Amino acid sequence: MQRITDKQLDSLCEHLNRLTNNPLEPWANGRANVGNYHISHAYGGVCLMRHVNASGGATCPLGQGHGTKRELYNEMHAYIKGLLAAQEVTV
């Protein structure tokens, strides 16, 4: 089984930000870019986060908290497929 890397997760995150027309960088000029998706590393795991206000407040749109890179990789692919289906775009 292929090992999931930070680079792969960052690439998926960039794709997600482009797909949703959100800023690619989490922070600019000391303020959070609202809407930006980014990867959080904590508690020995990873989690997809999204800024919800300019002060840096964030939410976990997948609702799973921090887990393994493989879990996040699979969840992000499912999330992106769901967004594409909602936009009536064929994957």
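Leaving aside neighbours within four places in sequence, Leu62 is in contact with Leu48, Leu72, Glu75, Met76 and Tyr79, where contact means heavy atoms within 4.5 Å. Leu62 is found in the loop between β5 and α2. Helices (H or I, at least four residues) and strands (E, at least two) are DSSP runs, numbered from the N terminus. At 18% relative accessibility, Leu62 counts as buried; buried means under 20% relative accessible area, exposed over 50%, and partly exposed in between, with a 1.4 Å probe and protein chains only. The C-alpha atoms of Leu62 and Ser11 are separated by 17 Å, and the two residues are 51 apart along the chain.

The model is predicted, so local features need pLDDT of at least 70 and side-chain atom pairs count only at pLDDT 80 or more, while totals for chains, interfaces and linings use all residues. Residues are numbered from 1 along each chain as its sequence is written, and side-chain values use heavy atoms, with hydrogens and water left out.

**The sheet**

Three strands form an open sheet in the order β3-β4-β5, with antiparallel pairing. Two strands pair if DSSP finds at least two bridges between them. β3 (37-42) and β5 (58-59) stand at the edges with a single partner strand each, so one side of each is left without a neighbour in the sheet. Strands of a sheet pair through backbone hydrogen bonds, either parallel or antiparallel.

β3 and β4 (residues 45-51) pair over 6 bridges in the antiparallel sense. Along this pairing, His41 stands opposite Val46 in β4, and the bridge partner of Ser40 in β4 is Cys47. β4 and β5 also pair in the antiparallel sense, over 2 bridges, and the bridge partner of Arg50 in β5 is Thr59. β4 is mostly covered, with 6 of its 7 residues buried.

Both pairings are hairpins: β3 and β4 have 2 residues between them, and β4 and β5 have 6 residues between them.

**Helices and core**

Helix α1 (residues 6-19) packs on the sheet and touches β3 and β4; its direction makes about 150° with that of β3. Helix α2 (residues 69-86) also packs on the sheet, touching β3 and β4, and its direction makes about 35° with that of β4. Axes are lines fitted to C-alpha atoms, for helices over the stretch in contact, and the angles run from 0 to 180 degrees between N-to-C directions.

The largest nonpolar core has 15 residues, and those with the most contacts inside it are Leu9, Cys13, Ile39, Leu48, Leu72, Met76 and Ile80. Such a core is a set of buried Ala, Val, Leu, Ile, Met, Phe, Trp, Tyr and Cys residues joined through side-chain atoms within 4.5 Å. α1, β3, β4 and α2 each supply at least two residues of this core, and α1 gives the most, with 5 residues. Apart from neighbours within four places in sequence, Leu9 is in contact with Ile4, Ile39, Val46, Lys69, Leu72, Tyr73 and Met76.

**An aromatic pair**

The count comes to 1 aromatic pair. Rings of Phe, Tyr and Trp (its six-membered ring) pair if their centres lie within 6.5 Å; planes under 30 degrees apart count as stacked, over 60 as edge-to-face and the rest as tilted. The rings of Tyr37 and Tyr79 have centres 6.0 Å apart and planes at 70°, so the pair is edge-to-face. Tyr37 in strand β3 and Tyr79 in helix α2 are 42 residues apart, and the pair thus links distant parts of the chain.

**Loop residues**

Asn36 lies in the loop between β2 (31-32) and β3. Its side chain reaches the backbone oxygen of Leu24 at 3.4 Å; a polar contact is a pair of N or O atoms within 3.5 Å, and within protein one must be able to donate a hydrogen and the other to accept it, while residues adjacent in sequence count only if both atoms are side-chain atoms. Beyond its neighbours within four places in sequence, Asn36 is in contact with several residues, including Asn17, Pro23, Met49 and His51.

Asn29 is found in the loop between β1 (27-28) and β2, and has a positive phi of about 55° although it is not a glycine. Tyr43, in the loop between β3 and β4, has a positive phi near 55°. Most residues other than glycine have a negative phi.

| Residue | Relative accessibility | Class |
|---|---|---|
| Asn36 | 0% | buried |
| Tyr37 | 3% | buried |
| Tyr79 | 22% | partly exposed |
| Tyr43 | 80% | exposed |
| Asn29 | 81% | exposed |
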